[in-house]
Amino acid sequence: MKQFLTTTAAALMIAGVAIADGHRTEAPEGATVYIISPADGATVSNPVTLVFGLRGMGVAPAGTDVDDTGHHHLLINTDPGDVDMNEALPATDQIVHFGGGQTQVTRELPAGTHTLRLLLGDMGHVPHDPPVMSEAITVTVE
């Protein structure tokens with residue numbers, strides 16, 4: 001039994017690495033992700049509700065292997081050029097995962113001006129090829 005558990009754990013670790021290590025799922029042509037609200041340039045107060053939109057693909061929780069689906073990641077004050085598009089996105093205060101398939105969130109943001117954008121990840125949190133990423137919006141939190 002101990003050998004079975006060890007073997008199973010090793011297989012799961014290898015599978016997780018295979019999913020995230022350089023594997024990029026092809027994005028359907030024309031797929032678009034966008035922020036529905038708040039609007040670009042809006043002044044908002046806490047808590048801030050963000051609503052996500054997606055066209056040409058479906059939303060599915062992380063770990064769900066269904067063609068033409070993904071889940072949202074919110075980039076907060078993050079330059080996409082600083083994100084490794086060939087690896088699983090890290091979960092940080094600036095890269096927020098919505099692996100449950102959420103399409104909106106209400107959260108506190110520090111007072112000030114913030115640049116926000118969405119980046120879709122595949123079942124293993126790896127951006128699609130090409131990346132399905134929204135235009136940046138800027139909001140000011142009072």
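**Ground rules.** I number residues from 1 along each chain as its sequence is written, and I leave out hydrogens and water, using heavy atoms for side-chain values. The model is predicted, with local features needing pLDDT of at least 70 and side-chain atom pairs counting only at pLDDT 80 or more, while totals for chains, interfaces and linings use all residues.

**Fold.** I looked up the elements and found one helix and nine strands in the protein chain. Helices (H or I, at least four residues) and strands (E, at least two) are DSSP runs, numbered from the N terminus. The order from the N terminus is α-β-β-β-β-β-β-β-β-β. I then looked up burial, meaning under 20% relative accessible area with a 1.4 Å probe and protein chains only. Buried residues make up 37% of the 142 residues. For contacts I used heavy atoms within 4.5 Å. Of the contacts with a separation of 6 or more, 70% are between residues 24 or more positions apart.

**Cores.** A nonpolar core is a set of buried Ala, Val, Leu, Ile, Met, Phe, Trp, Tyr and Cys residues joined through side-chain atoms within 4.5 Å. The largest one has 24 residues, and Leu50, Leu74, Leu116 and Val132 touch the most other members. Strands 1 (32-37), 3 (48-55), 5 (69-76), 8 (112-121) and 9 (137-141) each supply at least two of its residues. Strand 3 gives the largest share, four residues. Apart from this core I noted another, of six residues, including Met85, Leu89, Ile95 and Leu119. I also listed the contacts of Leu74, not counting residues up to four places away in sequence; among them are Leu50, Ile95, Phe98 and Leu116.

**Strand 8.** I found seven of the ten residues of strand 8 buried. Two strands pair if DSSP finds at least two bridges between them. Strand 8 pairs antiparallel with strand 5 over six bridges, and Leu75 stands opposite Arg117. Strand 8 also runs antiparallel to strand 9, joined by five bridges, with His114 and Val139 as bridge partners.

**Largest pocket.** On a 1 Å grid over the protein atoms alone, a pocket is an open set of points where a 1.4 Å probe fits, with protein on both sides within 12 Å along at least five of seven lines; lining residues have an atom within 4 Å of a point. The largest pocket holds about 190 Å³. I counted 13 lining residues, with Thr25, Asp65, Val66, Asp122 and Met123 the closest to its centre. The lining divides into three nonpolar, five polar and five charged residues, with Asp, Glu, Lys and Arg counted as charged.

Methods
Buried means under 20% relative accessible area, exposed over 50%, partly exposed in between (1.4 Å probe, protein chains only). Grid points are joined across faces, edges and corners, and a volume is the space filled by probe spheres set on the points.
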